[in-house]
Amino acid sequence: MHLTDIPFGVTTWADVPATEHPGERGAAVWRTRQFGLVRVRMVEYSPGYLADHWCEKGHILLVLAGQLDTELADGRTFTLRPGESYQVADHTEPHRSSTDVGATLFIVD
């Protein structure tokens with residue numbers, strides 16, 4: 001990631017319009033800011049959420065609340081709790097998210 005041409009700014013996430021993205025189960029609510037090629041999101045997964053696709057996009061993801069389960073296409077699984085994060089590069093390890101209890105995430109990609 002190369003951050004250029006982004007002036008200092010403050011984001012009040014509650015003021016960023018929300019978009020809903022249905023999963024195979026449940027839904028994800030995204031609040032998204034775009035800074036050139038860098039997308040920054042506050043994402044809330046509903047309890048019972050399961051992504052409807054395998055994601056190949058790279059991310060840096062931080063769990064703020066709840067619990068996130070991440071499954072990799074190779075069968076490995078990881079459970080992240082508040083204060084834990086993961087990072088993965090573009091097109092390296094397909095992954096998908098789920099949560100039984102819901103989760104709030106901060107994601108940069």
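1. Strands, as the word is used in this note, are DSSP runs of E with at least two residues, numbered from the N terminus. The model is a predicted one, in which local features need pLDDT of at least 70 and side-chain atom pairs count only at pLDDT 80 or more, while totals for chains, interfaces and linings use all residues. Residues are numbered from 1 along each chain as its sequence is written, and side-chain values use heavy atoms, with hydrogens and water left out.

2. A pocket is an open set of points, on a 1 Å grid over the protein atoms alone, where a 1.4 Å probe fits and protein lies on both sides within 12 Å along at least five of seven lines; its lining residues have an atom within 4 Å of a point. The second largest pocket holds about 170 Å³ of space, and strand 7 gives the largest share of its lining, four residues. Among the residues that line this pocket are Thr70, Phe78, Tyr86 and His95.

3. The largest pocket, with a volume of about 290 Å³, is lined by 20 residues, and Trp30, Arg41, Tyr45, His53 and Cys55 are those nearest its centre. Strands that each supply at least two residues of this lining include strand 2 (27-35) and strand 3 (38-45).

4. Three strands, in the order 6-5-8, make up an open sheet with antiparallel pairing, where two strands pair if DSSP finds at least two bridges between them. Strand 5 and strand 8 run antiparallel and are joined by four bridges; Glu71 has Arg96, in strand 8, as its bridge partner.

Conventions. Grid points are joined across faces, edges and corners, and a volume is the space filled by probe spheres set on the points.
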